[in-house]
Amino acid sequence: MRLEPVASQTLGRTLGFPAIALALTVLVASLLAMLAGANPLATLGLIVNGALGSKFAVLETLNRATPLIFTGLAVAVAFRARLWNIGAEAQLYAGALVTVLVGTRLGLPGPVAIPVMAMAAVAAGALMLLLPVMLKVRLGVDEVVTTLLLNFIMLLFISMLLEGPLKDPMGMGWPKSEALPRDARLPRIVDGLRLHWGFALGLISAVVVWFIQVRTTLGYEIRAVGLNPEAARFAGIPVRSVLLKTALLSGGLAALAGYSEVAGLKGNLTLDLSPGFGYTGIIVAMLALLHPLGVVVSALFVAGIFVGADSMSRAAEVPTYIADISLATALLFMVVAILMTRFNLVRG
Amino acid sequence: MEILDILMTASFWGAVLRIASPLIFATMGELICERAGVLNLGIEGIMVIGAFAGWMAVYAGLGLWPGVMVAMATGMLFGLLHATLTVPLGLSQHVVGLGVTLLATSSAYYAYRLALPEVTSPPRIEPFQPVDIPVLSDLPLLGESLFSQTPLTYLALATVAVVGFVLYRTPLGLALRAAGENPSAVEAQGLSVTAIRMGAVVAGSGLMAVGGAFLTMSAFSSFFFEMVNGRGWICIALVVFGAWRPGKALLGAILFAAFDALQIRMQQTPLGAVVPYQIFLMVPYVLSILALVLMSRRAEVPEALMVPYNRGER
Amino acid sequence: MTVPPSRGVVLRLNGITKRFGQLTANDNVGFALHEGEVLALLGENGAGKTTLMNILFGHYTADAGTVEVFGEVMPPGAPGAALAAGVGMVHQHFTLAENMTVLENVLLGTVPLWRMGLAKSRGRTRLQVLSRDFGLKVHLDAQIKSLSVGEKQRVEILKALYRDARILILDEPTAVLTPQESDALFDTLRKAVARGLSVIFISHKLHEVMAISERVIVLRHGRLAGEVATRDTDRHKLAEMMVGAEVTLPRAEARTPGETLLQLADVSLSAEGRRVGLDGANLSLRAGQITGIAGVSGNGQAALADLVGGLATPERGEMRLFGQPVQTWSPRAALNAGLGRIPEDRHKQGSIADFSLTENTVLEGYPAPPFSSSGIMNWGKARHHAEEIISRYDVRCPGPDARIRLLSGGNMQKLILGRVLEAGPRIILANQPVRGLDIGALTYVQERLIAARDAGAAVLLISEDLDEILALSDVIHVISEGRVSPEFPRGSKTPAELGVWMAGQGFDHAA
């Protein structure tokens, strides 16, 4: 068996194989439901209903999608440059931490605090990723492991602060920070609907990232470095500085997830602010084939699965982890599907 | 000197070996994969599912050793998935590895919830008990720490010797190392790169799973979520630290475990009362990053690591 | 036809056909190899020689046809079958594990995989005998990475002999050797034939084919174009069979050079990884002159190319550009100074496979107008530029939006050539500009380089093909172990004399 590149990539191929991948994922999810003794169709129905079945459900899905848009974009931007940023979780918490610090300690008036918190968060997330990427470009240290390890270090650091200097004195012993003042929160897009401007910021970010990727010299450089760093270096593209810029962009985007969760939804910082949004961002980005606008769609899809599975597991005897398995399966099927859009498996 | 006092106790060195054991298994597993040319980022998830599968098997009534076999087989199954995607299909080892970690972890959690829907705290099993090696265990300090361990720890140490022997003293090891250095050398001598690499990933994944199983079957006697807690990633750093050599990687694991055991004991000292415990818990992760930085200049990386091989293409 | 009747057939290919999509790489190819003969397989790049060998060794499965070794039909697609039947191959790119010793490389795959030990001492004894009998001297416990190219080739031959190969296939074996080393290789081959082995010698170098073979098989466009006994033919007839028409390769006529544009004065660069460094190199590139660098691969050419191309800076000595010492040096600085660079490896350095032709044509020119301004790309202008290069440089392709991965080597090289020349460079670095190209593309690229010289550019031509250097260069330097010889004017040294320098011997006398 051998892989042979296809001469021309038809639209049917480009869409067909990913569609098959998703169909297979649904099949796996059905099998898992059967394993739990549930009716697969009913289970899937409950998941869809839980994600989209009511105004409340839809809003819940949109809210869950918001941080995933940011972490998905962060991963998509980095992976384009073959920069394996697996540390979106740490960058998210860096953003959240700085948001809380600026929002609760500086005493800025709300309209000032909201943009300042965002900028500070972006800076914190960017710096968080800059360290491992510096180690990569200067010393050749693999960034996969360093960014992964920094996730653990960051969580311990946050835990230390929440039990120490940042601990809310009114928190009745819970490790959580003081809450942001009311006027430093992101307002709701429509009065009365539980959806904040963080979601809109996510959409805008996706468009901006898309523009950077296809229309700017930086985007061109990022793609060149990702596809063939040696050729990029030979052609005079400053590979190291492109990687550092990519790191700033990626880390900043991930930090906005933390910013938007704190300023838009939760109001304070806790240790369970993110149920793995940083890691899920990898799935979101891969399902979107690393396309920035696709990230929005896949973030909504992934959020829907999680929200739907949560609601389903309350009704049926199927553990909510069915969502995690399905998404990991979808990720693996999808990378095979991407391969199949470009190569034929031929004999001999 | 409190540190010296700690270092002079047998219980400390006993703990070092206990902490090192899962790392040794998994590091050897990763080392086998990487020597053959495949980075296996599935390690973290494979340790989780190994921890679960071994423990579950014993809880379901199997013996301890059959439990270890179940863990190993489960790990090999996920290794096979990883190998199929990365070796013949040549897909990104980064993406596939993370995918396997996510899949294995969530599968373990799903299966746990399916098997034990009601419980709030996980049931315990009767774990491996320490076995004193006659005579040797009576030696002062050394004896108590080195020769009064559970069988799995002895097995971990034996694994290093076996891996070292196979890699450097057998035709199989020769082929495996060549596959990670220049796969076309393997192909030109009539051997299958695909088979060797897949075999290495499957076998390596089996060891990783046993490393996970050590946690539930020897160290803690029960399965918790998040119990692997980054140990897989630490093992990847240990392989680099050990310059892809089994002996050096073993030293690395023991050194690392010594720091870990030390930080646990330091928490009980007056210093521990002043410094937040999280600082101590950060030690293993910070050490791993430091190890990577320290070793970065001494590149002895297998030449074909992470390079997929296509037959006939040279 | 010309088959010596007394000797038996040891290898026979019957009607081998292999297609890759639209391309037919082998079309009904058949021939036989006889015991104790040296058969040359001649054909230019892309004629289907490599595909044929991959089929013989079971790496590819043929669409039609069979392979017989010693009368036995080989199972298709089973790597190892031909090997086990006694066929040994010496690849152009060595198949050795660099981190292992000579002995370990030979033992690899010859001891059953599941055996407990390596039986090193038995292997050592046998290898010592083989090495003496065939005149293949090499230290058995040396790591491969410490060996010279010639020694590595000896290891490859030993590997085949150790497996009791009765048929030896050598793929372009002299491409990496000095003329003197080639002679030693021919000696070994004669010894092998005298012991009843049979040899297939794959090459596109006519004088070698004439020197070593008894019979010649010619492949052209995947088909068998002819078969002759070597004594009944000559170089001209073979060349005609190989390319289908009589060819005259471009030759540059002598011209008076202009001013010195780039000068290296006692420049040194240390070795890096597997790249040999430079040791006190002196070199002047003059306007309107082609400076050829002759030498066996891996003797410092890469370091020299890195230096001139902007990827490395001198550690000692001085580089002067247009009379001024160079201060900051990088690929970008080189481009800005008016250097055009044709890289050694068009896949790894020269292009990005998954980029379109348009994206590849602006790889060097993208940061400035008309292709971009204030960081925003102008893809319309870029595409227009790509269309111009495609038509001016005769690049055969589906269009500017196609991925460059789909292009043949010749068309890819033409696009790179267009990218370089359209920028109007005053100095051109051409590193192995025609390696792997068929005769059409080769002629085209060489003619363009001569035209650029005639228009006043200084050209640095690095090539491992001595014939190419001799045909194109106005002045020649030889490079060996990082040392650069004095400048030899055109025609002042014979190939054999240059060979002495390539082997590193002339330097000692000069010093």
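In chain A, 77% of the contacts between residues at least 6 apart in sequence join residues at least 24 apart; two residues are in contact if their C-beta atoms, placed from the backbone, lie within 7 Å. The model is predicted, so local features need pLDDT of at least 70 and side-chain atom pairs count only at pLDDT 80 or more, while totals for chains, interfaces and linings use all residues. Residues are numbered from 1 along each chain as its sequence is written, and chains are lettered from A and ligands numbered from 1 in the order in which they are written.

Chain A holds 13 helices and 2 strands. Helices (H or I, at least four residues) and strands (E, at least two) are DSSP runs, numbered from the N terminus. The C-alpha trace of chain A spans about 70 × 60 × 35 Å along its principal axes. Its radius of gyration is 21 Å, which agrees with the value near 20 Å that a compact globule of 348 residues would have. That radius is taken over C-alpha atoms, and the globule rule is 2.2 Å times the number of residues to the power 0.38. Of the 348 residues of chain A, 55% count as buried. A residue is buried if 20 or more other C-beta atoms lie within 10 Å of its own, exposed if 12 or fewer, and partly exposed in between, with C-beta atoms placed from the backbone.

Helix 4 of chain A, residues 88-105, can be followed from end to end. Its 18 residues reach 25 Å from the first C-alpha to the last, close to the 26 Å expected at 1.5 Å a residue; the expected span is 1.5 Å times one less than the number of residues. Helix 4 of chain A is mostly covered, with 15 of its 18 residues buried. After helix 4 of chain A comes Gly107(A), whose phi is positive, near 65 degrees.

Chain B has 14 helices and 2 strands. The radius of gyration of chain B is 20 Å, close to the 20 Å from the globule rule for 314 residues, so chain B is as compact as a globular protein of that length. Taken along the principal axes, the C-alpha atoms of chain B fill a box of roughly 65 × 50 × 40 Å. In chain B, 56% of the 314 residues count as buried. Of the contacts in chain B between residues at least 6 apart in sequence, 78% join residues at least 24 apart.

Chains A and B meet in a contact that takes 40 residues from chain A and 39 residues from chain B. On the side of chain A that touches chain B, the elements giving two or more residues are strand 1, helix 1 (11-35), helix 5 (110-139), helix 6 (143-163), helix 11 (277-287) and helix 13 (322-342) of chain A. Helix 6 of chain A gives the largest share of that side, 11 residues. By class, the side of chain A that touches chain B has 32 nonpolar, 5 polar and 3 charged residues. Ala, Val, Leu, Ile, Met, Phe, Trp, Tyr, Cys and Pro count as nonpolar, Asp, Glu, Lys and Arg as charged, and the others, Gly among them, as polar.

Chain A also touches chain C: 19 residues of chain A are in contact with 28 residues of chain C. Strand 1 (2-5), helix 8 (217-227) and helix 9 (229-234) of chain A are the elements that give two or more residues to this side of chain A. The largest share, 5 residues, comes from helix 8 of chain A. This side of chain A has 9 nonpolar, 5 polar and 5 charged residues.

In chain C, 4 strands form an open sheet in the order 2-1-4-5, with antiparallel pairing. Strand 2 (23-34) and strand 5 (72-73) of chain C stand at the edges with a single partner strand each, so one side of each is left without a neighbour in the sheet. Two strands pair if DSSP finds at least two bridges between them. Strand 1 (residues 9-20) and strand 4 (residues 64-69) of chain C pair in the antiparallel sense over 5 bridges. Within this pair, Thr66(C) in strand 4 of chain C is the bridge partner of Asn14(C).

Strand 21 (residues 475-480) of chain C has 5 of its 6 residues buried, so it is largely enclosed by the rest of the structure. Strand 21 of chain C pairs in the parallel sense with strand 13 (residues 289-294) of chain C over 4 bridges, and Ile476(C) in strand 21 stands opposite Gly292(C). Ile476(C) also stands opposite Phe488(C) in strand 23 of chain C.
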